[in-house]
Amino acid sequence: MKQNEILSNIRLNGDKIVFNDDDLIDEMGDNHVSTSIDTPMVANAFEKSDAEKIAIIQEHFKAIMETLGLDLTDDSLKGTPKRVAKMYVQEIFSGLNPANKPAVALFDNKYKYNEMLVEKNISFYSNCEHHFVPIIGKAHLAYISNGKVIGLSKLNRLVEFFAKRPQVQERLTVQIAKELQKELGTEDVAIVIDAKHLCVASRGVEDDTSSTITSFYGGKFKEEKRKEEFLRYLELKTEF
């Protein structure tokens, strides 16, 4: 089935909705519909160098600003197209490039620590792929060692890597969890993400008070006892 045929059969609130193209675009964006666990990428995504991408984006963003009626001869604005292009490629969307994936070193679990390890309150900044505005949140990760352990800072870096791309929160949650399972060689991984979406807060419904929570439980964390233990740790007050 072609993508547009799949999307035309999206069910919202249990009812089948028939879309025209403009309706479909708006509904997907406002309802944060995702079509894939993998970030949608074209086959030749990395044929251009970062410098080439920056130059192209710079020209396109200049055109956007000019279309909006901004005066790019103003000292405050004339450098904005290049600043934005560099920010896109080298910073906030750098996680698109697998070359930027952090190297993960594993160590033998010489301490014989067999309980869950929890790293909570990992702050991250991402961008909604539907409107390219920020998602700001915290990730809470846990795993049970299968003989190997990972450096704590690498947990933060994995979250950062997958956050630095256009995202939807459900995909971000699964991508981090699956990568951690692969690196550690265990299914015993859990993640909870709590995030605020500025596409909800600053446009559309303009709700500045809500947040979105997503979760993933693998292996032993599917057991209610383990899941409840993990969630209790997240409630602990950790002010230092």
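Q: Why is Glu160 called partly exposed?
A: In this predicted model, Glu160 has a relative accessible area of 37%. Partly exposed covers the range between the buried limit of under 20% and the exposed limit of over 50%, so Glu160, at 37%, is partly exposed.

Q: What makes the contact between Glu160 and Lys164 a salt bridge?
A: The closest N and O atoms of Glu160 and Lys164 are 3.6 Å apart. The term requires a side-chain nitrogen of Lys or Arg within 4 Å of a carboxyl oxygen of Asp or Glu. The pair at 3.6 Å therefore qualifies. Lys164, with a relative accessible area of 25%, is partly exposed.

Q: How many salt bridges does this rule give?
A: The count comes to 9. In general, side chains of opposite charge can pair when their charged atoms come close.

Q: How do you know that Arg226 and Glu115 form a salt bridge?
A: Their side chains meet at 3.7 Å, N to O, and the limit is 4 Å. The distance is within that limit, so the pair is a salt bridge.

Q: Why can the pair of Arg226 and Glu115 be said to tie parts of the chain together?
A: Arg226 belongs to helix H8 (residues 224-235), whereas Glu115 is in the loop between strand E3 (106-108) and strand E4 (116-128). The pair therefore joins parts that are 111 residues apart in sequence.

Q: Is Arg226 buried or exposed, and which class does Glu115 fall into?
A: Arg226 has a relative accessible area of 18%; buried means under 20%, so Arg226 is buried. Glu115, at 42%, is partly exposed.

Q: Which residues are linked with Lys101 in a network of salt bridges?
A: The network links Lys101 with Glu179, Lys182 and Glu183. Lys101 is found in the loop between helix H4 (80-92) and E3. Setting aside neighbours within four places in sequence, Lys101 is in contact with Phe161, Glu179, Lys182 and Glu183. At 30% relative accessibility, Lys101 counts as partly exposed.

Q: What makes helix H5 oblique to helix H6?
A: The axes of H5 (residues 152-163) and H6 (residues 169-184) come within 10 Å and cross at roughly 140°. That angle makes H5 oblique to H6, because roughly antiparallel would need an angle over 145 degrees and roughly perpendicular runs from 65 to 115. H5 passes H6 in a right-handed crossing.

Q: Which residues of H5 and H6 meet, and of what classes are they?
A: From H5 come Leu155, Leu158, Val159, Phe162 and Ala163; from H6 come Leu172, Gln175, Ile176, Glu179 and Leu180. By class, this contact has 8 nonpolar, 1 polar and 1 charged residues.

Q: Why does Asn109 count as buried?
A: Asn109 has 8% relative accessibility. Buried means under 20%, so the value of 8% places Asn109 in the buried class. Asn109 lies in the loop between E3 and E4. Residues up to four places away in sequence aside, Asn109 touches Asn114, Ser145, Gly147, Lys148 and Val149. The C-alpha atoms of Asn109 and Ile150 are separated by 9.3 Å, although these residues are 41 residues apart along the chain.

Q: What makes the phi of Lys112 worth noting?
A: Lys112 has a positive phi of about 55° although it is not a glycine. Most residues other than glycine have a negative phi. Lys112 lies in the loop between E3 and E4.

Q: Why is Lys112 called exposed, and which class holds Phe132?
A: Exposed means over 50%, and Lys112 has 64% relative accessibility, so Lys112 is exposed. Phe132, with a relative accessible area of 40%, is partly exposed. Phe132 is placed in the loop between E4 and strand E5 (134-144), and its phi is positive, about 55°.

Terms used
Residues are numbered from 1 along each chain as its sequence is written. This is a predicted model: local features need pLDDT of at least 70, side-chain atom pairs count only at pLDDT 80 or more; totals for chains, interfaces and linings use all residues. Side-chain values use heavy atoms; hydrogens and water are left out. Helices (H or I, at least four residues) and strands (E, at least two) are DSSP runs, numbered from the N terminus. Buried means under 20% relative accessible area, exposed over 50%, partly exposed in between (1.4 Å probe, protein chains only). Axes are lines fitted to C-alpha atoms, for helices over the stretch in contact, and angles run from 0 to 180 degrees between N-to-C directions. Angles under 35 degrees count as roughly parallel, over 145 as roughly antiparallel, 65 to 115 as roughly perpendicular and the rest as oblique. A crossing is left-handed if the near helix is turned anticlockwise from the far one by less than a right angle, and right-handed if clockwise. Contact means heavy atoms within 4.5 Å. Ala, Val, Leu, Ile, Met, Phe, Trp, Tyr, Cys and Pro count as nonpolar, Asp, Glu, Lys and Arg as charged, and the others, Gly among them, as polar.
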